[in-house]
Amino acid sequence: MDLKEKLVSSFMAFEDGLDLDHPVHEERSRAIKNFETKGFPSKKEEAWKYTSLKSLQKIDFSIFPKQESALEYKDVKKYFLHEIDTYKIVFVDGVYSSYLSETTHDGVDVCLMSSAFSKPMFQQVIEVYFNKAASKEESLTTLNTAFSKEGAYIYIPKNKMPKKPIQILHLATGNEAALMLQPRNLIVAEDNAEVQIIERHQSLTGNEVFTNSVTEIFAGKDAIVDYYKVQNDAPTASLVDNTYISQKNSSVVRVHTFSLGGKLIRNNLNFYQNGERIDSTLKGVTILGDKQHVDHHTLVHHAQPNCESHQDYKGIFGDSSTGVFNGKIIVDKIAQKTDAFQQNNNILLSDKSTINSKPQLEIFADDVKCSHGCTIGQLDEEALFYLRSRGIPKKEAKALMMYAFANNVLESVRIPELKSRINKIIAEKLGVRMGFDL
Amino acid sequence: MAYTEEELKKELETKEYEYGFYTDIESDTLPKGLNEEIVIAISKKKEEPEWMTEWRLEAFRAWKEMEEPEWANVTYKKPDFQDISYYSAPNKKPKYNSLDEVDPELLDTFKKLGISVDEQKKLAGVAVDIVMDSVSVATTFKKTLAEKGIIFCSISEAIQEHPELVKKYLGTVVPQKDNFYAALNSAVFSDGSFCYIPKGVRCPMELSTYFRINQAGTGQFERTLVIADEGSYVSYLEGCTAPMRDENQLHAAVVELIALDDAEIKYSTVQNWYPGNDEGKGGVFNFVTKRGLCEKNAKISWTQVETGSAVTWKYPSCILKGDHSIGEFYSIAVTNNFQQADTGTKMIHLGKNTKSTIISKGISAGQSQNSYRGLVQVNSRAENARNFSQCDSLLMGNRCGAHTFPYIEAKNKTAQIEHEATTSKIGEDQIFYCNQRGIDTEKAIALIVNGFSKEVLNKLPMEFAVEAQKLLEISLEGSVG
């Protein structure tokens, strides 16, 4: 049985355990129907031209993990940003681990989707926001919607800000030979609220993991949301991350994506600007080796005047890795005075690595400033020579330059501990000690 | 100021297509529809050898299995391929020895177009192979060219007289089965131009073909084959105008360029097919496949100025097969009213040290849609490939759209690829500056657009540059809000 059939037929069993009178039930049923008609996207579709999910569909993933597994904090500590105090929402094989988590209802809600679905006090928020930004057409998103049950639920009321950043961690223990996870996150920052979130997916063994995640982020007027995605997973873990962001007047949302490991990563990052004077930032660093594959698919939809968007994606590709960047900016007729910028720079390190870049602009308004740039190249020989002539060994000199190349993406990271953590991972990837603390 | 902007806009919208007239010449037309008999009939009418008929049939069979592509960013009512007549030739077929013998009505047509064959022959030094409804009726300067060993004739003549060359190269760059329209063209092409430049010869003049679509309900299927043998050079011009017609006319041409070792081909196009009226009715569908193949050290340069057609779907490409070969693409695409253009280029880097440059300028006004779609592909064996792409769009008014869809695929670590694109409008301050110095708005826009497209205009041969500049002005007058 292929994965699609398996998923569709498991839907009934999945629903059995849920409240069928719940309004979300209808959303789920509609979603599974859409997925049943469309199935997994294939390379024939323009949006999936460079990324194939074929091999994943051949694996017999278990959809519901059979046994619960407990983990000791000391075993997984290194996957947390443990240097600072944070709220934590931790899932082990898709199941919430209260032991490893630290949630709160003190002024802000940092808790679980499952309780948000079931408890009446969250009902209103669910009704207003759940599945309102996510696509009802895109097949993988609807697949997630159909199975939406668990994930992080973060609600920041007006003028509030949580005391500390929030970490969302998905761990896969490898108890199942192959596991499919479908976390569903809902993040709402009401007017003038502010929040910082770090999300990470981590497989602890060499078993296959396939995560199809959907995150919806709503930013109210003047709200500020910082979202960091750390993708440094095991070489057998695949991730399709669908993120939908809806912004209101003068809000600021920054999403940083660090794709440093994993078998196949596909990021669908969609920004919808539903107000004026909005600022959207999309930044990414990708450093790959082996046969890894990363596909960044971004969309910024400027629907109102006087908004800005900044995109900056840097990629370094070694061995037989493949990088894809597909960025799209749409500027509607009424979105005058839009300032949209998109940049994608890539370095290929090996003859077997590939980069496919497709930066697109679709512009319907005339009074706008829109530009994009894309480069593919190598390290500057002269700069390399300069460093070597000053006694820096070739390997270090190269690493230094690559570090500098990726660094301006890191500049806008607002959690210093996270920045130095990412720096460490990058240094590790590049295989050097750079002689200074990054 | 002489005009207010409103008036200008109005004038532009009501501006009639200058070249919209219809020459009443009796023509010899095949019945509408397409099947194997029609393909054979076309081949027969042209007195083609058997291998050519077979070649056409092969293409036709492939075409039947194909589906019309839908990926382009254009919307239009698909032509009914069974409702088109695939062959139409002016009735008076004999070759003329001098211009006096040419049908005076035909000459009149050329006059309105501003291409006096006579004048051009004498003054411009341009050999014109005029294609009027698919059969070439006047070829000039053939003698001068023949002395150098250059063959410049219609493709049907080439099939008769130089079958070995045609057989060797036809379909090598754009195979019959390449795409839907290329297959259709291969099956039914009525005529076109053929050009062969022998080894080491530098063609002394610009070669030029003017196309005209004349008969109602006839599709125009041109086939052009240009071969530049080792070390030769040729500059080839192609210009088009079509008379006003209410129904959509289909133009599906195929152009193949072959530049052998150390050769250089410069191919320039000014395209001014009838774009439809200001309500978007009528106009020509332009679905063209243009491709060039570069051998070692060869260079192909495409320059195009696209101002016409209701729907344009065109990607002049370069296959950089030989080491050190160079591909260039310079384009200005102007769309107004309801025009739609999806145009760009493909640069396929296969050889080592290959270089390509893409400069594309899109100008959209009215309610038109203008898309750039390009591919830069660096193969894993193409060491030190270098590409620079620049796509700039200029928007006039907020009812039009400008789109950029570049595809960049690199499989070699030594590749250096740069792509940049910008979208902007004509600055109010720029217009104000001009106004302030006594230049009215219309002139100011012409000036700014001219500056915007200068990089491309500069690449055109002199005669064409003037015409192109004029076309730009006509197409855009007063379209700034």
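**Reading a predicted complex**

Guide: Start at a helix. H1(A) has a kink of about 30 degrees, centred on Ser10(A). The bend at a residue is the angle between axes fitted to the seven residues ending there and the seven starting there. Helices (H or I, at least four residues) and strands (E, at least two) are DSSP runs, numbered from the N terminus.

Visitor: How many residues does H1 of chain A have, and what span does it reach?

Guide: The expected span of a helix is 1.5 Å times one less than its number of residues. H1 of chain A covers residues 3-16, 14 residues in total. From first C-alpha to last it reaches 20 Å, close to the 20 Å expected.

Visitor: What should I know about the model itself?

Guide: This is a predicted model: local features need pLDDT of at least 70, side-chain atom pairs count only at pLDDT 80 or more, and totals for chains, interfaces and linings use all residues. Residues are numbered from 1 along each chain as its sequence is written, while chains are lettered from A and ligands numbered from 1 in the order in which they are written. The predictor gives the complex an ipTM of 0.78 and a pTM of 0.82.

Visitor: What is the average pLDDT of chain B?

Guide: pLDDT is the predictor's confidence in each residue, from 0 to 100. Chain B averages 78, and 76% of its residues score at least 70. Over residues 118-127 of chain B the pLDDT is below 50. Where pLDDT is low, the predicted coordinates should not be read in detail.

Visitor: Is Asn326(A) buried or exposed?

Guide: A residue is buried if 20 or more other C-beta atoms lie within 10 Å of its own, exposed if 12 or fewer, and partly exposed in between; C-beta atoms are placed from the backbone. Asn326(A) has 23 such neighbours, so it counts as buried. Asn326(A) lies in strand E17 (residues 322-331) of chain A.

Visitor: Which residues does Asn326(A) touch, beyond four places in sequence?

Guide: Two residues are in contact if their C-beta atoms, placed from the backbone, lie within 7 Å. Asn326(A) touches His296(A), His297(A) and Lys358(A).

Visitor: How is chain A divided into domains?

Guide: Domain bounds come from an automatic or database domain assignment. Chain A has domain 1 (3-274) and domain 2 (379-438). Their centres, taken over C-alpha atoms, are 32 Å apart. The contact takes 13 residues from domain 1 and 10 residues from domain 2. On the domain 1 side, strands E8 (194-203), E10 (224-232) and E12 (252-261) each supply at least two residues. E12(A) gives the largest share, 4 residues.
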